[in-house]
Amino acid sequence: MFRLAVALISALFLLSGCTLDKEEELRLQLSEWVTLGDTYFFDSSGSCTAAVFHTDSPRISSLLPKARSVDTGLKMLAEGQAVVFKVGGKSPNALVEAIMSRDLPHGISVLSSGLAGVNCMSELVKSIYHQAIMNPTSRMALLPEDQAIMIVDGQAKAVIYVRGNS
C-alpha cells in the first residue's frame, strides 16, 4: 500500500512538471529579440503556453529576420527560419488570413499555434491578445521551431507569446 501511495505521488509530481515552457527560459529566448520588463502573465501546460510581458520598447531586434511581404515571409518559413512580418497596415489577424490564402498548410499551422495558446489564457489575457492581433500597428513573429507566435503590441506595451503543442 505504501509503495502504491509513493508511486502515485511521484506520478503527480512528474505530471505537474510537464510543461512546454519555463518562464525564465522563455524570457531568455525572447530577450534576444525584444526588451522585456515585468511578466504580466505566464501559464504553460503540456499542450500550450501563453505569456504576456511588459515592454517599454516595441522595437524588434535585427537578429530576428524581417519579411516585408507575405510571400517573402512564407519563403523564410519554408526554410525553417523564424520571421517577423513588417507588412505595412496589416494586423496580425489580417496577415494570418493572407498566409492562409497563399499557403493553406502554413496558414493552418499558424492558426493552430495561435488558437492552442488561448487555452492557457485567462479571460483578461484573451482580451489583450485579441486587441493585439487586431491592431494594425502590432508586429507578428512566427517561430516555426517552437510552433509559436510572438506579438509585439507597442500601444499596449506588451509582448505576447502563444504556443500550442500540435
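Reader: Where is Q147 found?

Author: Q147 is found in the loop between β5 and β6. Helices and strands here are DSSP runs numbered from the N terminus (helices are H or I over at least four residues, strands are E over at least two). Please keep in mind that this is a predicted model, where local features need pLDDT of at least 70 and side-chain atom pairs count only at pLDDT 80 or more, while totals for chains, interfaces and linings use all residues. Residues are numbered from 1 along each chain as its sequence is written, and side-chain values use heavy atoms, with hydrogens and water left out.

Reader: Why is Q147 called partly exposed?

Author: Its relative accessible area is 30%. Buried means under 20%, exposed means over 50%, and partly exposed is in between (1.4 Å probe, protein chains only), so Q147 belongs to the middle class. Q147 also has a positive phi of about 55 degrees, although it is not a glycine.

Reader: What makes a group of residues a nonpolar core?

Author: The members are buried Ala, Val, Leu, Ile, Met, Phe, Trp, Tyr and Cys residues joined through side-chain atoms within 4.5 Å. The largest such core has 30 residues, of which F85, M140, L142, I151 and I160 touch the most other members. Elements giving two or more residues to this core include β2, β5, β6 and β7. Apart from it lies another core, of 18 residues, among them L26, L36, A141 and M150.

Reader: How do you know that C48 and C120 form a disulfide?

Author: Their sulfur atoms are 2.0 Å apart. A disulfide is a pair of cysteine sulfur atoms within 2.5 Å, so this pair qualifies. A search of the whole structure finds one disulfide.

Reader: What is the hand of that disulfide, and why?

Author: The torsion about the S-S bond is about 85 degrees, so the disulfide is right-handed. The pair links distant parts of the chain, with C48 in strand β2 and C120 in the loop between α5 and α6, 72 residues apart. Both C48 and C120 are buried.

Reader: How is the packing of α4 and α5 described?

Author: Two packed helices are described by the angle between their axes and the distance between the axes. For α4 and α5 the angle is about 145 degrees and the axes are 6 Å apart. Axes are lines fitted to C-alpha atoms, for helices over the stretch in contact, and angles run from 0 to 180 degrees between N-to-C directions. Residues making the contact include V96 and I99 of α4, and I108 and L111 of α5.

Key:
Contact = heavy atoms within 4.5 Å.
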